[in-house]
Amino acid sequence: SIFDSILDRYVTADGLVDYKGLKEDKEFERYIEYLSNTDPDTLPSDKDRLAFWINAYNAFVIKGVLDEYPIKSVLKVGWIPHSFFKRKEFKTQRGEITLQALENEKLREAFREPRIHFVINCASISCPKLIREAYSAEKLEEQLEAQAVSFINDKNRNYLDKQNKTLYLSHIFKWYEGDFVKNGEGVEEYVAGYLNADDAEFVRNNKVVIKYLDYDWGLNEQK
């Protein structure tokens with residue numbers, strides 16, 4: 001409920017964040033303390049644990065930005081490439097963890113759920129947008145499906161050029177291709193499962209070329 005309230009106050013419908021206002025919010029610090037002091041292994045179900053780690057990732061990213069604010073991009077933090085994800089550490093009951101380890105170990109490896117890529121937000125314009133509510137076990141399946149549909153049909157992040165039979169995709173599908181490909185099918189088959197009906201039919205009935213869009217690492221900040 002705390003994270004719900006915070007997201008509702010400081011995030012727009014387009015997923016942009018009021019970092020300046022959030023930096024002064026003591027309630028957010030309370031939520032970070034909750035994350036740091038909760039042992040997810042004691043939670044009652046896999047859905048509870050998955051929701052916990054998704055929320056933790058999104059909240060720790062926000063905290064990481066606030067720690068460095070003002071910045072124009074998370075890539076500008078640290079002098080080693082992707083330092084923000086690889087070197088910045090956050091406290092958990094299982095020890096300190098980086099965002100990279102959280103994503104790869106606590107989410108990808110632990111749950112083998114490709115839709116996590118549509119719900120974790122890396123504070124950048126090209127990331128799947130941050131929604132205005134926390135993820136919860138009770139609504140998790142609905143939330144994962146909704147964000148998969150939203151992200152894949154967002155023309156700023158993925159789109160189909162029928163005339164040239166080209167499917168332009170977010171770089172997320174290239175970086176994590178193995179998470180989306182099953183039984184020898186290509187990424188386009190996975191994407192077609194969430195596209196609007198007309199585009200999905202076109203992709204399935206035509207040989208399309210996949211091209212990956214440039215990733216905008218600019219901060220997802222309200223102007």
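## Charge and surface

In this predicted model, the protein carries 32 positive and 39 negative side chains, and the centres of these two sets lie 4 Å apart. The accessible surface of the protein comes to about 11500 Å², and carbon and sulfur atoms account for 44% of that surface. Of the 223 residues in the protein, 52% are buried.

## Overall form

Eleven helices and five strands make up the secondary structure of the protein. The radius of gyration is 18 Å, close to the 17 Å that the globule rule gives for 223 residues, so the protein is as compact as a globular protein of that length. Taken along the principal axes, the box filled by the C-alpha atoms is roughly 55 × 40 × 35 Å.

Serine 45 and valine 209, which are 164 residues apart along the chain, have their C-alpha atoms separated by 41 Å, while the C-alpha atoms of phenylalanine 85 and aspartate 41, 44 residues apart along the chain, are separated by 23 Å. Serine 45 itself belongs to the loop between α3 (26-37) and α4 (46-68), and with a relative accessible area of 24% serine 45 is partly exposed.

## Aromatic pairs

The structure holds 20 aromatic pairs. In one of them, the rings of phenylalanine 84 and phenylalanine 85 have their centres 5.2 Å apart and their planes at 85°, so the pair is edge-to-face; the cut-off that applies here is an angle over 60 degrees. Both phenylalanine 84 and phenylalanine 85 are buried.

A second pair has another geometry: the ring centres of phenylalanine 118 and phenylalanine 173 lie 6.0 Å apart with the planes at 45°, so this pair is tilted. Phenylalanine 118 lies in the loop between α6 (99-111) and α7 (140-152), whereas phenylalanine 173 lies in helix α8 (residues 172-175), so the pair ties together parts that are 55 residues apart in sequence. Phenylalanine 118 is buried, at a relative accessible area of 0%, and phenylalanine 173 is likewise buried, with a relative accessible area of 0%. Phe118 and Phe173 also belong to a cluster in which ring pairs link Phe118, Phe151, Phe173, Phe180, Tyr190 and Tyr194.

When residues up to four places away in sequence are not counted, phenylalanine 85 touches Tyr57, Val74, Thr98, Leu99, Gln100, Cys122 and Trp217.

Glutamine 147, placed in helix α7, counts as buried at 9% relative accessibility. Leaving out residues up to four places away in sequence, the contacts of glutamine 147 are with Phe118, Val119, Lys129, Ile131 and Tyr135. Phe118, named among these contacts, is the phenylalanine whose ring pairs with that of phenylalanine 173.

## Backbone details

Tyrosine 69 and proline 70 are joined by a cis peptide bond, for which omega is about 5°. Proline 70 is found in the loop between α4 and α5 (83-86).

Positive phi values occur at two residues that are not glycine, namely arginine 112, where phi is near 50°, and alanine 123, where phi is about 65°. Arginine 112 is found in the loop between α6 and α7, and the place of alanine 123 is likewise in the loop between α6 and α7. In accessibility they fall into separate classes: arginine 112 is exposed, with a relative accessible area of 65%, whereas alanine 123 is buried, with a relative accessible area of 0%. Phenylalanine 118, described above with the aromatic pairs, lies in the loop between α6 and α7 as well.

Notes: Residues are numbered from 1 along each chain as its sequence is written. This is a predicted model: local features need pLDDT of at least 70, side-chain atom pairs count only at pLDDT 80 or more; totals for chains, interfaces and linings use all residues. Side-chain values use heavy atoms; hydrogens and water are left out. Rings of Phe, Tyr and Trp (its six-membered ring) pair if their centres lie within 6.5 Å; planes under 30 degrees apart count as stacked, over 60 as edge-to-face and the rest as tilted. Buried means under 20% relative accessible area, exposed over 50%, partly exposed in between (1.4 Å probe, protein chains only). Helices (H or I, at least four residues) and strands (E, at least two) are DSSP runs, numbered from the N terminus. The radius of gyration is taken over C-alpha atoms; the globule rule is 2.2 Å times the number of residues to the power 0.38. Accessible areas come from the Shrake-Rupley method with a 1.4 Å probe; for residues, only the protein chains shown count as cover. Lys and Arg count as positive and Asp and Glu as negative; His and the chain ends are not counted. The place of a charge is taken as NZ of Lys, CZ of Arg, CG of Asp or CD of Glu. Contact means heavy atoms within 4.5 Å.
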